[in-house]
Every structure is written in C-alpha cells, then in structure tokens.
Amino acid sequence: MGWLFYTDRRIKSYADEKAEITRLCTFETDIRKTELLKACKVGSTWYAAARVTNLHGSPVEDATYVTDPDGTVTFGAVFLTRYDDGCWGYKDMEESAGPVESRAPLSLLALLSELKDPESYAHAWRQRCRDWASIPDYEEGDRIRLAAPVTLTDGSTCQIVTVTHYRRGRQKRRCYRIEETGGLVRLSKATLSGSELLSSAKGAASPVLAEYLAGQGG
C-alpha cells in the first residue's frame, strides 16, 4: 500500500495522530473485531499492537500467529508518517510484511502473539526491535569503546569516546568527546550497537568517599 495524505489538514498534533492511529486499528466485520491495545510513536513512526477477536466466541485461526489462550490474536503494525505542505500522511504495514523501521519498544512487543514460523519476516522484525532496545543508553561522563572505529568527515577515525554534551541556545544536545584528540562528535544510536562501557561516571566514587574508603581499608 502506498502513502495516503489527508488534504483537509485535520491532523495537526500528536494527539490527533494517536486518535487517527486508534481509529485505523479499530474496526469490525460480521465475524471479527479488531481493537488497538497500544500505540507508541518513535521519531515519525507509529508502532501499534492490535488484537483480533472472533465475535461468535471461537478461537481466531491464523497462518502467521499462534492463538492466545483467550482465543485472540494480537499482531504488530507499523505506520510510517510525515507531513507534506501541512498535510499529514501515513503508510501502514503489518509486521509480517517486512517493515524496515524496527524500533518498537519492548513493552509493545510483549503484547504480540507468538509466531508460528521462526524464519518469518515478523520474527526478524521483532528481533531487530529487540536489538535496537538493547543498545545501551549511556550517561554523562561514561567512557565507551565502540564496536568498530567510526570514520569522521575529515577522514580520521575514533573508537574510544566519552559521553558529554553541548548547548545550542536553550537546548542540551548529546555528543561524544574523542579520546585521542579531545574533539567532539555526534553519533547515532545505531553507532553504539555492540559498544562496551569502559568506565562509568555514575559508579565512580567522589574523592572524599574514596579517601574515606581507603582509610577504612587500613
């Protein structure tokens, strides 16, 4: 399915978007109903968990999903969204269609029904989401080693960096101080995949505490 844009410009805010995602995931036929359980927006992409129930009470049978104990099936959906000249638009796909965007939070994945085929597109998509969620969220002062050297725009590389920040106006933006040169660089979250924490600012004791602990050791 391609992109669908709302030319009446009725979608203007986060709340409008969520309400529309809810509407799109809520519908009913003569035999089944689908309802939204959870929706999360990451960047410009919405991730949704929608539950399918048979109205006459029998278990839902599906080729992709294992029926849950209550007889329902819950699937994942991805909604790519963007604004074009003030008009909001979306492109939706079910997780088994092989969506590229894969940053659904673990809390949403936990709602989804198990998959019958461990080699399916949906299984690979869920694993990519888990891989993304497993990337550490480092704190100010943490010293880390990247999984592989990163090549910078000037042709140099860096691999050991320390988390810091800079300010632009009132905004505080995360960056990383390069150990070899002391320069600052912006790194994407994906770059941190497989990285290693060398030392933690959070775990470091203050000089006063360190002196006290040294005295206690004597």
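**Notebook: rings, strands and one glutamate**

I began with Trp3, which counts as partly exposed at 33% relative accessibility. My scale is this: buried is under 20% relative accessible area, exposed is over 50%, and partly exposed lies in between, with a 1.4 Å probe and protein chains only. The model is predicted, so I kept the limits in mind: local features need pLDDT of at least 70, side-chain atom pairs count only at pLDDT 80 or more, and totals for chains, interfaces and linings use all residues. Residues are numbered from 1 along each chain as its sequence is written, and side-chain values use heavy atoms, with hydrogens and water left out.

**Rings**

I took rings of Phe, Tyr and Trp (its six-membered ring) as paired if their centres lie within 6.5 Å; planes under 30 degrees apart are stacked, over 60 edge-to-face, the rest tilted. That rule gives seven aromatic pairs. One of them is Trp3 with Phe5, stacked at 6.0 Å centre to centre and 20° between the planes. Phe5 is partly exposed, with 25% relative accessible area. Next I looked up Trp88 and Tyr90: their ring centres are 5.8 Å apart and their planes are at 35°, so this pair is tilted. Both Trp88 and Tyr90 are buried.

Then I checked charges over rings (NZ of Lys or CZ of Arg within 6 Å of the ring centre and within 35 degrees of the ring normal). Arg82 has its charged end over the ring of Trp3, 4.2 Å from the centre. Arg103 lies over the face of Trp132, 3.9 Å from the ring centre.

**Strands**

I used DSSP runs, numbered from the N terminus: helices are H or I with at least four residues, strands are E with at least two. Strands pair if DSSP finds at least two bridges between them. Strand 8 (residues 157-168) and strand 9 (residues 171-178) run antiparallel, joined by eight bridges. Tyr166 stands opposite Arg173 in strand 9. Two residues separate the strands of this hairpin, and Gly169 has a positive phi near 65°. Strand 9 also joins strand 10 (residues 184-185), antiparallel, by two bridges. There Arg177 has Leu184 as its bridge partner.

**Glu95**

Is Glu95 buried or exposed? Glu95 is buried, at 0% relative accessibility. Glu95 sits in the loop between strand 6 (87-94) and helix 2 (106-109). Glu95 touches several residues, including Tyr65, Phe75, Trp125 and Arg126, not counting residues up to four places away in sequence.

Definitions and conventions: Contact = heavy atoms within 4.5 Å.
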